[in-house]
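Biologist: Could you take me through this model? I would like to go through it topic by topic.

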Amino acid sequence: MGGYILKRLVSAVPVLLGITVIVFAIMSLIPGDPATAILGSYATPENVEKLNRDLGLDKPLVQQYFIWIGNMLQGDFGRSFALNRPVLDEVLDRFSATLVLAGAAFVLCAVLGIIAGVISAARQYGWADRAITVAVILGISIPSFFLGMMMILLFAVRLKWLPVSGMYAIYGGGDLPDLLRHLAMPAIALSLVATGVVARLSRAAMLEVLRQDFIRTARAKGVGERRVIWGHALRAAMVSIIPVLGIQAGFVLSGAVYIEIVFQWPGVGRMLVDAILKRDLLLVQGGVVFVAACYVFFNIVVDVAQSLLDPRIRT
Amino acid sequence: MSTFLKLLARNRLAVFGAAVLGAIILLVVITPLLPLPDPNATATADRFKRPFSDGFILGTDHLGRDLFSRLLWGTQLSLAVGLAAALIAGTIGAAIGIVAGYFGGRIDNVIMRAIDMLMAFPYILLALAIVAALGPGLLNALYAVAAVNIPFFARNVRGVTVSIAHKEFVDAARLSGMGHLRIITTEILPNVLPVVVIAMSTTIGWMILETAGLSFLGLGSQPPQADLGSMLGEARAAMITAPHTSIVPGVMILLIVMSVNLLGDGVRDALDPRLRSGALSRPMAATLVRRDETPPEKTDTKAVLSLENLETRFEVGARIYRAVGGVSLAIQPGECVGLIGESGSGKSVTALSVMGLVASPPGVVTGGAVRLNGQDLIGAPYARLRALRGDRVAYIFQDPLSTLHPLYRVGDQLTEAIRVHHRISRDAAHERAVKLLEDVHIPNARARARSYPHELSGGMRQRVAIAMALANEPEVIIADEPTTALDVTVQAQILKLLDNLRRDRGVSILFITHDFGVVGQLCDRVAVMYAGRIVEEGTTAEVLDAPAHPYTKRLIACVPELGAGRRELHAIPGLPPAVDQLPHGCAFAPRCHKATGLCATSDIPLDGRKRKVRCILPEEDVA
């Protein structure tokens, strides 16, 4: 087991390098002079030249890349111009908020999606299956940002059940119940599409498994139907559900951008959009690399979970 | 193609999606012809008019612009951008995929590694990075969305290309001296195109949504130009005071994406051959029963298990396959009865019908009775059936690799078999499981109990399956071709094991097989099945030595005998009849060399007292 984890960790190194290459390549697409782009068109030539030197932009591209990588490995992601603050500090602050939001949404989509998918498969063509199928179609078609706005209108403005936006109340907030009240709507809005996708694939995986011979064996042993469905069948179906969960984690993480804007959640997605609009490119660069790297590690966790579940791939 | 359209038309959701999408596209196409106000004409006096007021169908936005006009023009822009993104992503992705798949080797390797890297990004993030570099703007958003979708197309197309790059017609083209470019355009591309189109139809909804999303964030279309996403983004500021300005573009996005998804799903389902045959339905907990009459209770029989006129059918659409057509068979305590027949003769379905294990849908038991110690099991409530399954009547199936759960340790599977019927502790059940594994001669049973099925050999797995059948000391074991998947020496060991268990424990066995050799070693009596019916029944010795039914005789003649010299093997001419169109009278008559006109006129009964045969011209006198 330890060997397997180590192997996966080692195999992540080229992927991480590839991510930095891609981000670096995209950033070097910037038309014209990056320093001018950062400072704006009214900058004096001296300032532009100084910034170019500070950023190492006067050196060849390949050298720039290795300087950038070297700095990042030492924890130096550069400095945000708009915020006048180290990029890494800002990213870490904001990422923790995103992690709360995306984590909650991920748990919701995994739990609700699998439950809905299993019920749908077990009651194939029954009313529960039809209801879930229709809900799934609506769920995967509604844009999360529109859903978020409608939820605010209904639950915050009309019914006044939940706060309109933010992560904590400005006065007297900051405890867990306060966080949960603020988290409820954005987490649900963010999870909906992923829940639909998970439900749909869980249903397909369950239908596939329920036709297998070992399910008939379980029934022939006298195992009760509930245990056949939620034990034998789901356990086998998880083998194909877990990779889907890994993909959905990526969707939830990136879909958080919209939700953070709609609910003014102080996360990394909103930070990125602000940074793009302000042309704060080092912050964009650092933020993208950081989040992508976290996603790579999350995928390793998914693979390890998969191998714990399926003894056939553990070698 | 026509079956495809028919299937698509039968999918009501897909038709609904097509209708909605068609209406939207039509509206968008005729938009320039409609007498609409200028979508960008501002009129601050008319701000935030409600729908259906003052001649504004959908009201006005924060600058007094007509929402209906803006909606139609915005929809047009969103659809065009989504379609363009899909076309760009599809074209570039397909080109990359074809190059990788066609040339293979190192080129393939490098390209696919790069694709993997791109897919390692949570993908809106990648789009954001691209927009950050290129700057906000609708065209840049379009490029970004197209770029992040390229890997998806490249992967799919590469897969298809690899599968056809080494087909004969491509080799032939290569040998005839065609250049790579010509082969790709004339031979590969036409075969790849359908895949690209399908992939587009399933992703175009996403692309419309993603470009709308970027516009919503203010990174796509810039004012005064507006697509649906930027309309929604601008309306957000006035969401609470004038919700209609948000709802109008939001609902339109929802409608577009939903209709595209419904249609895309419909297309995919119609093209998936597995869904065509209806095979993707799950079997229920017990076989459906639809009997016209309930047979009377009967307790005067000594038999532990008796089938009476059992009828089981498969109903697929309008077709009815009569797999079991009135089988009667009795098994006495401690007796081993062989049920023999070719594949498709209905022997396995007969066996599975006993405990309601025939997959339903499509299986239905339509008549007869199955009595366990006199009590009918057909139509028994599920709870009773479940309590008897594995406890009084246990099964051993053919291929233990697929019939044991691949992810549970064999010891746990045995323990479970015990614990569903007996309230004992996990530890006690585990001890019993180890003992069972020892009983079936598995060496080192305690350690083996911790193995997963894939870690055992075929013979060992079948021993585990037998141990599982013995777990609750059942009265009847139904063994459905338990040795067919094994090689001959292992087969002999397993048969010996079953024989010993039967003698030691007095359990009755119903042994399903297609192999007369196996029957001779194990069974007291044997019944021969053909086309869903028993055609002959008697003691094993009698049937093997002097078969009475012409079919049995021919079947035995088919078995090669070791060291029997130059006897010629006679295959039976023709094929067994399809069970959805059985002939009148004797089902074997069309293949029988003795058949006369009489054989096909009416149903032939299974005649005789101890020795029975269903033939009017039997080979041996059985009366």
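Modeller: What follows is a discussion of selected features of this predicted model. Local features need pLDDT of at least 70 and side-chain atom pairs count only at pLDDT 80 or more, while totals for chains, interfaces and linings use all residues. Residues are numbered from 1 along each chain as its sequence is written, chains are lettered from A and ligands numbered from 1 in the order in which they are written, and side-chain values use heavy atoms, with hydrogens and water left out.

Biologist: What domains does the assignment give for chain B?

Modeller: Domain 1 covers 67-238, and domain 2 covers 305-392 + 472-558; such bounds come from an automatic or database domain assignment. The C-alpha centres of these domains of chain B lie 57 Å apart.

Biologist: Which strands pair with β11(B)?

Modeller: Strand β10 (residues 525-530) of chain B pairs with β11(B) in the antiparallel sense over six bridges. Strand β12 (residues 612-613) of chain B also runs antiparallel to β11(B), joined by two bridges. Strands here are DSSP runs of E with at least two residues, helices are runs of H or I with at least four, and both are numbered from the N terminus. Two strands pair if DSSP finds at least two bridges between them.

Biologist: Which residues stand opposite each other there?

Modeller: B:Tyr530 stands opposite B:Arg533 in β11(B), and B:Glu537 stands opposite B:Lys612 in β12(B). Between β10(B) and β11(B), which form a hairpin, there are two residues. B:Ala531 in that turn has a positive phi of about 50°.

Biologist: How many residues of β11(B) are buried?

Modeller: Six of its seven residues are buried. Buried means under 20% relative accessible area, exposed means over 50%, and partly exposed lies in between (1.4 Å probe, protein chains only).

Biologist: What does the side chain of B:Glu537 meet in a salt bridge?

Modeller: Its partner is B:Arg525, at 2.7 Å from N to O. B:Arg525 lies in strand β10 and B:Glu537 in strand β11 of chain B, so the pair ties together parts that are twelve residues apart in sequence. Both B:Arg525 and B:Glu537 are buried. A salt bridge is a side-chain nitrogen of Lys or Arg within 4 Å of a carboxyl oxygen of Asp or Glu.

Biologist: Changing topic, where is B:Thr161, and is it buried or exposed?

Modeller: B:Thr161 is found in helix α6 (residues 138-165) of chain B. It counts as buried because its relative accessible area is 0%.
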